[in-house]
Structure formats: C-alpha cells, structure tokens
Amino acid sequence: MEKEKVVIDGRIFEKYISEDCIIKRVKELALQIRSDYADSNPVFVVIANGAMPFATDLILHTNIESEYHCVKASSYYNNMESSCEVELFMPLPDLTGRDVLIVEDIVDSGYTMQALLKKMREYHPNSVEIVTLFSKPEARKVEVNPKYIGFVVKSIFIVGYGLDFAQKGRYLKDIYILAEE
C-alpha cells in the first residue's frame with residue numbers, strides 16, 4: 001500500500017505519524033503532567049509558532065488549573081537546518097517560585113532550548129521542565145534533557161501538526177517526512 005503524500009513548496013512528503021497516534025500520545029503526556037502537577041498551578045511557556053497545536057491539545061487534555069504564555073524563539077537560518085544563533089522574545093509574567101513547563105514542538109540541536117533554559121533561570125522559578133512532542137537525540141549539539149517526550153525520532157526532517165517547511169505545512173494534522181526521491 002502506497003503512503004499518503006503531500007507536496008509542499010515543490011517537495012514531496014509522505015505520511016509518517018497519523019493524527020490519531022499523535023492525539024493518543026498527547027493524552028498520555030497530559031495524564032502524566034496532570035499527575036505530576038495537580039497541586040501546583042503550573043505555567044506552560046509555549047514556544048510559538050510550531051508548538052501551538054501541540055500545546056493547545058496538551059493543555060486542554062491536562063485539565064488542571066494552570067496558566068500559559070507564548071514566547072517566540074528562533075534558531076533557524078534556512079528551511080531545514082538549525083543554527084547556533086538563538087533569538088528570544090519573552091514577555092513573561094513573574095515566575096518566582098512557580099513550576100514552569102516549556103512546551104516545544106521539537107528538540108533537535110538543543111540550542112534554542114539551552115538558551116531558553118538559561119533565560120528562564122533569570123525569572124527564579126521553582127522548577128523548569130521541558131515538554132516536547134518530538135525529540136531528536138541524534139541531532140543534539142548541546143546537552144538538553146526533556147522530561148516529557150511524545151516521540152523520539154531519528155534525525156529526519158518532519159512537517160505537520162505545527163512543524164513547518166519554509167513556513168508551510170503547519171496546518172497538516174498528521175506528521176510527514178521528506179520522501180526519498
């Protein structure tokens with residue numbers, strides 16, 4: 001059976017992970033977070049734009065008293081490769097003594113997350129943990145250890161469910177990988 005394919009910006013991508021599988025895993029992460037933070041009123045710090053679909057589903061399924069704030073963090077200098085340069089835009093409230101969960105779509109090189117964790121310490125939270133839908137340990141350039149991981153994937157390019165290719169494909173409900181040509 002041939003895999004479902006989409007064309008984005010002239011490139012062919014094939015389905016890799018279905019929406020049903022993603023939602024099932026998001027619900028499992030939400031249950032774990034609800035158990036761990038039920039009494040703490042955590043703050044979800046959502047990395048826009050890519051993590052928005054994941055964060056929305058995660059927070060709704062976590063179903064505990066919490067806050068969420070969006071920040072913009074960027075470390076991409078072209079469509080498919082991460083750079084060492086990280087730019088952060090962080091209008092955050094006082095996080096002193098709060099439990100913070102950074103919600104990211106994907107942790108690959110680790111540069112963005114490393115910079116964000118360093119910046120987060122300036123806010124004096126009680127704790128900071130990383131929640132990521134995808135982790136690419138093979139792509140790590142710096143040590144970053146997410147506590148909550150949806151899927152571990154190889155060092156392949158993925159798109160959909162918030163992840164983009166040249167700002168396109170975020171709307172896809174499934175995850176796609178670049179088809180071998």
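Predicted model: local features only at pLDDT ≥ 70, side-chain atom pairs only at ≥ 80, totals over all residues.
Let's start with helix α1, residues 19-37. It has 19 residues, and at 1.5 Å a residue they should span 27 Å.

Which residues of α1 are buried? They are I22, V26, L29, A30, I33 and Y37. These residues cover an arc of only 110° around the axis, which puts them on the same side of α1. An α-helix has 3.6 residues a turn, so residues three or four places apart point the same way. Now turn to the face away from the buried side. That face of α1 carries the exposed residues D20, K24 and S35.

Next, R140. Find it in the loop between β7 (127-135) and β8 (148-152). R140 is buried, yet it has no salt bridge. How far away is the nearest side chain of opposite charge? That side chain is D108, and it is 6.7 Å away.

So what does R140 reach? Its side chain makes a polar contact of 2.8 Å with the side chain of S135. The R140 side chain also reaches the backbone oxygen of V144, at 3.3 Å. Leaving aside residues up to four places away in sequence, R140 touches V107, D108, S109, G110, S135 and P146.

Last stop: T112, in helix α3, residues 111-121. Is T112 buried or exposed? Its relative accessibility is 10%, and the cut-off for buried is under 20%, so T112 counts as buried. Now compare T112 with N126. They are 14 residues apart in sequence. In space, C-alpha to C-alpha, T112 and N126 are 21 Å apart.

How values were computed
Residues numbered from 1 in each chain as written. Heavy atoms only, no water. Helix = DSSP H or I, 4+ residues; strand = E, 2+ residues; numbered from the N terminus. Buried < 20%, exposed > 50% of the residue type's maximum accessible area, 1.4 Å probe, protein only. Lys, Arg positive; Asp, Glu negative; His and termini not counted. Salt bridge = Lys/Arg side-chain N within 4 Å of Asp/Glu carboxyl O. Polar contact = N/O pair within 3.5 Å; in protein donor to acceptor, adjacent residues only side chain to side chain. Contact = heavy atoms within 4.5 Å. Expected span 1.5 Å × (residues − 1). Arc of directions from axis to C-beta.
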